[in-house]
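Good morning, and thank you for joining this meeting. I would like to guide you through one structure, region by region. Please look at it with me.

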Amino acid sequence: MPHSNTVEILLAEDSLHDAELTIRELKKHNMANNLVHVKDGEEALDFIFGRGKYVSLADKIQFPKLILLDIQMPKVNGIEVLKEVKSDPRTHNIPVVILTSSKEHPDVQRCYELGANSYIVKPVNFEGFAESIRNLGFYWLLLNQPPVK
Amino acid sequence: MKKYSPGWVLNAGTLIIVGTILTVFFISVRQSERVRNTSESVNRTQAIIQHIQRLVMTALDNETGARGFVISGKNEFLEPLHQSATTFTIEIIKLEELLKNTPPLLNLLDSMKGFISKRIHFSDSMILTRKRQDLQAVVHMVEAGEGKGYSDQIRRIGRKMERLEEHLLQERKLKNENTIRNLNILLYSLLGTVLILSLAMIRRIRKDIASKEATEKRFSGLLQAAPDATVIADEQGLMRMINKQAEDLFGYTREEMLNQPVEILIPADLHAAHVHHRNSFMKKASLRAMGAGLELYAVKKGGIQFPVEISLSPIKTDEGQLVIASIRNITQRKQLENALRRSNAEMEAFTYSVSHDLRAPLRGIVGFTSILEDDYRDKLDAEGHRITGIIRANTLKMGHLIDDLLAFSRLGRQEIQKMNVDTKALVQEIIGELHLPESGKKINWNIKDLPPVYGDLKTLRQVWINLISNAVKYSSKKEEPVITIGHTTENGQQVFFVRDNGVGFDNKYRDKLFRVFQRLHGEDEFEGTGVGLALVEKIIARHGGRVWAEGIVGEGAVFYFTLPAEEGSR
């Protein structure tokens, strides 16, 4: 059960192959111990806010520490997920890293305007990921430690 | 005469006519004055002569009376004698009155007066002597001839006065005749001059009318030949002239449009606003497009609306301020614009989909091939590794193609933000960052002075990167690569060029160079996607410049591009 422990990373990615490559890369560096993969925007929101098939877990809700968010996804796309996460005071502070096909993508700018914290051009490799995290000042995540206030 | 306007000619003509009438009036007044003066002089002379003769006659009466009395001693002869004294007095007073402005005659009259009084005195003394019966003495007095002498003197002076007066009359007559003649000469020359001037003016006015008619004909010819429907409205907004194109465009006949307010051509809901705009335009008329930035609609007879583009130009005429409105039906253009907008939107959706959907499988191929190479390293032999390498290289190339294609398509939509660009620094910077081929031949750079330009830094950088890296790439097989970067000026435009001594190309293919995916060299000779120069062409075109190239196979190539000089460039 993903919620039984604190979820560190929520990966929202519709492409199973992209997700597999991302998870594999993170695992290789021992960073995917508490990673949950959801396959579209709707599932991502359900997971974060304890709705839909995750409604039974609503009481024990634990917000992920980092969201890796693909933009182009079926049903609810990444931009809509980002909007909802950033407009809810409970989830407002969760860092969101956008996964994009190209840094020239017009949606990247849009995501920044909506409060995205960083972006990674796919495929996700360790160097890119680490760079993103480090720039966010969330290096602690790599070390499995809580933030130092 | 050409420099005088028709208005000036008319004013001058009026002035001349008024002046002539006044002068003629003045001259004829003067002339009749002279004529009257002459006849007055004649009358006066007659009167003077009459009075002189009367004085002479009276002197004779006096003498005759006295003599009669002396001879007869009869008192009846004294009657004329007494009468003569009174007549003398009256005639002298009358003459003195008539002659008061003629001193020479007055002088003569004075001396005559002396003789008259002597004559009277003499007659009186003869009569007194006769009354004393001293006949001897009387005879002696007569014989002495003293009295006759006085009478002769009076007659002589009288004749002298008559002659003098007649002479003066002649003088006066002559003077008046001279004046009249001179005035006549003045009059005739004046009339002659006015006649010539009038003829010249009539000719001039005729010419003006003819040229005005020609101008009007030309103007109406221009109006009819105008490419657009044209309506000329006056200050009240009434249509004063229209061309055939306007009739056709709006579906009204000429009669239905002329002298009607232009508002009949405008959608009803805009009438009030248009009247307001029209009035403010009249106040500060200038050539301009109507409703800049707005979509304008006109309305045909029958109420059908259609999109138009209108330009207004004011003209000042004798009839007041007129406005020429050229109206162009842009229905077709609008349709094309809409079609273009739609196709641009489709293109954007397409490239979006390309960028996302084409990349996803490529990521899969590269990613999983890498896993194969890393995690199954031991299970693959050398050939297996070579094949996975080929898979990766091909996939990466596909990725580059997609990137280039996207960059190319994005360029059509991107905003160009112009600023001053230090060309020389930009070129130096690009050369500094260049990834030079590992084969490591030393390139001989020859960079001339490059002037700054006014353009979009980001895209111009791309132009220089593409041209310079092409030059490096295609000269890389030469023993001593030389790349020259310079500029010239042509028709006020900056022309930049990049020259290399590389493989060059056949000039007959030079138009193909700038087309997307068109390459003149095989992938095994020089790698590339065939997008770089197409991108250069597109960027320069968006800056309002052009690109071209010259090449000689085996000797090198020159790529030129122009950037228009623009306000703001240093």
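Is B:N259 buried or exposed? Before I answer, please note that what you see is a predicted model. B:N259 is exposed, because its relative accessible area is 52%, and exposed here means over 50%. You will find B:N259 in the loop of chain B between α7 (254–257) and α8 (271–283). The backbone also deserves a look at this point: B:N259 is not a glycine, and yet its phi is positive, at about 65 degrees.

Let us now turn to chain A. Six helices and five strands make up its secondary structure. If you read along the sequence, the pattern is β-α-β-α-β-α-β-α-β-α-α. Of the 149 residues in chain A, 51% are buried.

I shall now discuss charged pairs. Side chains of opposite charge can pair when their charged atoms come close. Over all chains, a search of the whole structure finds 37 salt bridges. I have selected several of them from chain A.

We begin with A:E13 and A:K122, whose side chains meet in a salt bridge at 3.1 Å, N to O. A:E13 lies in the loop between β1 (9–12) and α1 (16–28) of chain A, and A:K122 in the loop between β5 (118–121) and α5 (126–136) of chain A, so this pair ties together parts that are 109 residues apart in sequence. Both A:E13 and A:K122 are buried.

A second pair is A:K75 with A:D40, where the salt bridge has an N to O distance of 3.6 Å. A:K75 sits in the loop between β3 (66–70) and α3 (78–87) of chain A, while A:D40 sits in the loop between β2 (35–38) and α2 (41–49) of chain A, so the two tie together parts that are 35 residues apart in sequence. The partners present a contrast that you can check on the screen. A:K75 is exposed, with a relative accessible area of 63%, whereas A:D40 is buried, with a value of 9%. A:K75 also has a backbone feature: its phi is near 60 degrees, a positive value in a residue other than glycine.

A:D88 counts as buried, at 16%.

Salt bridges can also share partners, and here they join A:E13, A:D18, A:D70, A:K122 and B:R363 into one network.

One more detail concerns A:K122. The peptide bond from A:K122 to A:P123 is cis, with omega near 0 degrees. A:P123 is placed in the loop between β5 and α5 of chain A.

Let us proceed to chain B and its nonpolar residues. How many residues does the largest nonpolar core have? The number is 38, and the residues with the most contacts inside this core are B:W464, B:L467, B:I468, B:I485, B:I540, B:F559 and B:F561. Several elements of chain B give two or more residues to the core, among them α10 (382–411), α11 (423–433), α12 (457–474), β10 (482–490) and β13 (556–564). The most is given by α12(B), with seven residues.

Finally, we come to the surface of chain B. Three isoleucines, B:I365, B:I387 and B:I391, form a nonpolar patch there, with about 220 Å² of accessible area together. B:I365 belongs to helix α9 (residues 331–375) of chain B. At a relative accessible area of 37%, B:I365 is partly exposed.

Which residues form a positive surface patch? They are B:R156, B:R159, B:K160 and B:R163. B:R163 is found in helix α5 of chain B, which covers residues 146–225. B:R163 is exposed, with a relative accessible area of 53%.

That concludes the presentation. Thank you for your attention.

Methods:
Residues numbered from 1 in each chain as written. Chains lettered and ligands numbered in written order. Predicted model: local features only at pLDDT ≥ 70, side-chain atom pairs only at ≥ 80, totals over all residues. Heavy atoms only, no water. Patch = residues over 30% accessible without salt bridge, like charges linked within 9 Å, V, L, I, M, F, W, Y side chains within 5 Å. Areas by Shrake-Rupley, 256 points an atom, 1.4 Å probe, with all protein chains shown as cover. Salt bridge = Lys/Arg side-chain N within 4 Å of Asp/Glu carboxyl O. Lys, Arg positive; Asp, Glu negative; His and termini not counted. Charge placed at Lys NZ, Arg CZ, Asp CG, Glu CD. Helix = DSSP H or I, 4+ residues; strand = E, 2+ residues; numbered from the N terminus. Buried < 20%, exposed > 50% of the residue type's maximum accessible area, 1.4 Å probe, protein only. Core = buried A, V, L, I, M, F, W, Y, C linked by side-chain atoms within 4.5 Å.
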